[in-house]
Amino acid sequence: MITKLTDKLPTPCYVIDEGKLIKNLEILNGVQKRTGCKILLAQKAFSAFSVYPLIGKYLCGTACSGLYEAKLGFEEMGKENHVFSAAYREDEIDEIISCCGHIIFNSFTQLEKYRDRVLKAGKKIGLRVNPQHSTQEGHEIYDPCSPKSRLGITLENFDENNLHGVSGLHFHTLCEQNSDDLESTLEVVLEKFGKYLKNMEWINFGGGHHITREDYDIKRLERCIKKVQDEYGLEVYLEPGEAVALGAGYLVTRVLDITKNDMPVAILDTSAACHMPDVLEMPYRPPLRSSGLPNEKPFTYRLGSQTCLSGDMIGEYSFDSPLSIDDILIFEDMAIYSMVKNNTFNGMPLPAIMLLKKNGEVEIIKKFGYKDFRERLS
């Protein structure tokens, strides 16, 4: 459907696919219904609040990483709101407490500093634990269990005599992973921290669960949830971000010029550095509709940006026919970690945000301009 609409879209623009978003939400809601767990939207991956009313029909609330996300979830979804931060600021904590029902601490120092305020407000306290069980390879930047990690309390540093007011534990160790990694992680969490859970009310499995991916083992996930419910009597939370909007968005861009330096180079009106930073940070090669790997199809191009950053390259792709100036290209899976991380480096305009509705209509959610660039600075 998106291909038929490209002549109506400004470039560059993000397009949220309502139909695919609903499909993901139905899968997640199915897990909730079959197990009784609660699933929250991790806003760090997807914060397009114009669709929060839709998401709120299926999920139980939002998960936040600080004050601004806490306010956004509170104001725009208005359901359960959980927050975790590696450390809270004194000048923000009271407002965070007012917006959130679950406040999760990363250390006993922070717990002691703010415990009385949280309890006085009638909110729930959690602690993030670090099971020191890595299940990722090659991406230490996304591994909370990597050596010397700042995220989560290790068993060695867990003060079992300082749990007054703590009603739950939180762990988050996954990134784009299947439920076999959750299962092995949960075994270690229960082995190390299970005795403390017997006196608690809830546990949060964190995020990184690719539940809406086609090969994801949902039955294994549900066994993990049931195990904790049956053995410990706990309420179980999950807070996936990517799984909510996985595959449910596009970045539409236009070819501005074609140059040559050892191979054809297409200059686009989008930027890896500005509009899809994970391409450079991970790095990874984003899927591009109707393209192939280099030399898989007859015509191979290197795709890059307008910016002056020499490394602002998206990757090499092949096509059935030569590219031409003004051709439209559609990058897929661009709802997650794109809008939330984009920037205006080099004065690049921010892409417009569009909504592709189930009925095929396209709605402009927001357009950005020079003012958005100028007012970030002074």
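C224 counts as buried, at 4% relative accessibility; buried here means under 20% relative accessible area, with over 50% called exposed and anything in between partly exposed, using a 1.4 Å probe and protein chains only. The closest cysteine sulfur to that of C224 belongs to C37, and at 12 Å it is too far for a bond.

Before I go on, the model is predicted: local features need pLDDT of at least 70, side-chain atom pairs count only at pLDDT 80 or more, and totals for chains, interfaces and linings use all residues. Residues are numbered from 1 along each chain as its sequence is written, and side-chain values use heavy atoms, leaving out hydrogens and water.

Back to the cysteines. A search of the whole structure finds zero disulfides, a disulfide being a pair of cysteine sulfur atoms within 2.5 Å. C13 is in no disulfide either, and its nearest cysteine sulfur, in C274, is 16 Å away. C13 is buried, with a relative accessible area of 0%.

Now the whole chain. Of the 378 residues in the protein, 54% are buried. The protein has eleven helices and 16 strands, taken as DSSP runs: H or I of at least four residues for helices, E of at least two for strands, numbered from the N terminus. The radius of gyration is 22 Å, close to the 21 Å from the globule rule for 378 residues, so the protein is as compact as a globular protein of that length. That radius is taken over C-alpha atoms, and the rule is 2.2 Å times the number of residues to the power 0.38. Along its principal axes, the C-alpha trace spans about 65 × 45 × 45 Å.
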